[in-house]
Amino acid sequence: MMRLPRFRYFAPTSVKEALRIRAGEGPDAAFVAGGTDLYPNMKRRQQTPKTVIGLSRIAALRRLRARAEGLAIGAAVPLSEIERHRRVRRAYPALVHAIEEISTPPLRNMGTLGGNVLLDTRCNYYDQNYEWRQAIDFCMKKDGTVCWVAPGSAKCLAVQSADSVPILIALGASAVLASADGEREVPLEALYADDGIRYLTKRPEELLTEIRVPSPVGRRSSYRKLRRRGAFDFPVLAVGAAVRLENGRVAETRIVLGAVASAPVRASRAEAVLNGRVLDPEAIAEAAQAAAGPAKPMDNTDFSFLWRKEMTKKWVAAALADLAQAARA
Ligand SMILES: Cc1cc2nc3c(=O)[nH]c(=O)nc-3n(C[C@H](O)[C@H](O)[C@H](O)COP(=O)(O)OP(=O)(O)OC[C@H]3O[C@@H](n4cnc5c(N)ncnc54)[C@H](O)[C@@H]3O)c2cc1C
């Protein structure tokens with residue numbers, strides 16, 4: 001049985017107190033929301049904080065506001081609460097669909113949106129227990145120097161695997177970060193770096209307080225996830241897509257791929273292909289072909305990477321077909 005190592009636990013009741021504790025404890029401290037990612041990682045000794053700062057008692061982080069101008073979801077709002085929220089379900093069906101695809105109902109009762117947005121990157125070599133990793137010699141993401149996926153690689157290739165991220169970026173979401181220096185809001189897309197170890201651009205001491213999603217009025221969106229097990233599984237390919245039409249033609253679109261690199265990948269060429277076009281089968285096929293280019297899955301999750309690359313075309317086409325259908329409805 002894998003056991004948690006010993007650690008000190010704090011349960012602050014305000015953001016200010018959480019930041020103060022983090023400043024005092026330094027880099028050996030980690031925030032925890034639902035703990036469905038952090039605690040298994042601690043059991044596998046992938047993350048080894050000496051101090052854990054719980055966020056679940058901070059009321060400000062558990063507020064969900066759904067207004068005409070958009071959504072503001074506190075970082076520690078449980079996924080199941082978002083899933084059940086009537087206004088969110090009506091206005092953001094693709095986001096709710098992505099959330100429903102995350103793990104299982106009990107894990108969604110514990111797991112939060114903030115924890116999902118900041119989910120650790122994943123890799124077949126890294127997602128193993130301590131003894132397994134020790135036996136093959138550790139990898140560069142934790143305790144070692146080599147990337148076992150591509151031993152010549154100078155950087156870690158672990159994969160961005162959070163379901164909510166591609167669709168949130170497609171919807172134009174932003175993240176609010178708090179630290180002793182104050183608060184800043186960044187486009188969610190800017191929160192990620194294509195490096196399996198330093199996969200976030202936020203500073204380690206920054207606390208994610210809120211995810212903001214603009215009004216969905218005039219937009220259609222879709223989320224498509226590829227995984228092995230229908231019941232629950234991390235994505236091995238994910239597509240978040242959103243479009244705004246004017247007079248039946250694409251005025252604005254965002255297509256975001258997940259699980260094909262260490263950061264979510266914007267399919268910019270595919271977006272350009274669609275600009276000003278009617279979402280007909282020809283335009284969809286051209287855009288899907290263009291989207292597959294930047295998808296560079298590696299051989300470090302389930303299924304072969306060549307097949308996953310090939311599936312990118314099909315999954316983007318399916319997501320765009322959802323948008324075309326929604327536009328006709
Ligand atoms: C069996 C199983 C299946 C799973 N399947 C999926 C899946 O299909 N799709 C998927 O996307 N995920 C999946 N997950 C991962 C996880 O359950 C979800 O991603 C969940 O949303 C994580 O949220 P959490 O609140 O539990 O995160 P936590 O474990 O609390 O935190 C995750 C990370 O974020 C940091 N953190 C959390 N909140 C903040 C904050 N506000 N500010 C700063 N740092 C913070 C923590 O320090 C930690 O590094 C699965 C997990 C398990 C165990």
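What is the accessible surface of the chain, and what percentage of it belongs to carbon and sulfur atoms? The accessible surface comes to about 15200 Å², and 52% of this area belongs to carbon and sulfur atoms. Accessible areas come from the Shrake-Rupley method with a 1.4 Å probe, and for residues only the protein chains shown count as cover. The structure is a predicted model, in which local features need pLDDT of at least 70 and side-chain atom pairs count only at pLDDT 80 or more, while totals for chains, interfaces and linings use all residues. Residues are numbered from 1 along each chain as its sequence is written, and side-chain values use heavy atoms, with hydrogens and water left out.

The chain contains 12 helices and 12 strands; helices (H or I, at least four residues) and strands (E, at least two) are DSSP runs numbered from the N terminus. Along the principal axes, the C-alpha trace spans about 60 × 45 × 35 Å. The radius of gyration of the chain is 20 Å, which agrees with the value near 20 Å for a compact globule of 329 residues. This radius is taken over C-alpha atoms, and the globule rule is 2.2 Å times the number of residues to the power 0.38.

Of the 329 residues, 50% count as buried. Buried means under 20% relative accessible area, exposed means over 50%, and partly exposed lies in between (1.4 Å probe, protein chains only). Among the contacts of the chain with a separation of 6 or more, 60% come from residues 24 or more positions apart, where contact means heavy atoms within 4.5 Å.

The structure holds four aromatic pairs. In one of them, the ring centres of Tyr130 and Phe138 are 5.2 Å apart and the planes stand at 50°, so the pair is tilted. Rings of Phe, Tyr and Trp (its six-membered ring) pair if their centres lie within 6.5 Å; planes under 30 degrees apart count as stacked, over 60 as edge-to-face and the rest as tilted. Tyr130 is partly exposed, at 29% relative accessible area, whereas Phe138 is buried at 11%. The rings of Phe303 and Trp307 also form a tilted pair, because their centres are 5.0 Å apart and their planes are at 55°. Phe303 is partly exposed at 21% relative accessibility, and Trp307 is partly exposed at 37%.

Phe303 lies in the loop between helix 11 (281-292) and helix 12 (305-328). Its phi is near 65°, a positive value in a residue other than glycine. A positive phi of about 65° is also found at Ala259, which is not a glycine. Ala259 belongs to the loop between strand 11 (249-258) and strand 12 (265-266), and at 1% relative accessibility this residue is buried.

Further residues were examined for their surroundings. Asn116, in helix 7 (residues 113-117), is buried with a relative accessible area of 7%. Beyond its neighbours within four places in sequence, Asn116 is in contact with Ile102, Ala162, Asp163, Ser164 and Val165. Thr209 is placed in strand 8 (residues 207-214) and is buried at 10% relative accessibility. Not counting residues up to four places away in sequence, Thr209 touches several residues, including Val15, Leu61, Ile73, Val176 and Glu183.

Arg244 is located in strand 10 (residues 237-246) and is partly exposed at 23% relative accessibility. With residues up to four places away in sequence set aside, Arg244 touches Gly218, Arg219, Arg249, Val250, Ala251 and Glu252. Arg244 and Arg65 are 179 residues apart along the chain, and their C-alpha atoms are separated by 24 Å. Asp137 sits in the loop between helix 8 (130-136) and helix 9 (164-170) and is partly exposed at 46% relative accessibility. The C-alpha atoms of Asp137 and Trp148 are separated by 9.4 Å, the two residues being 11 apart along the chain.
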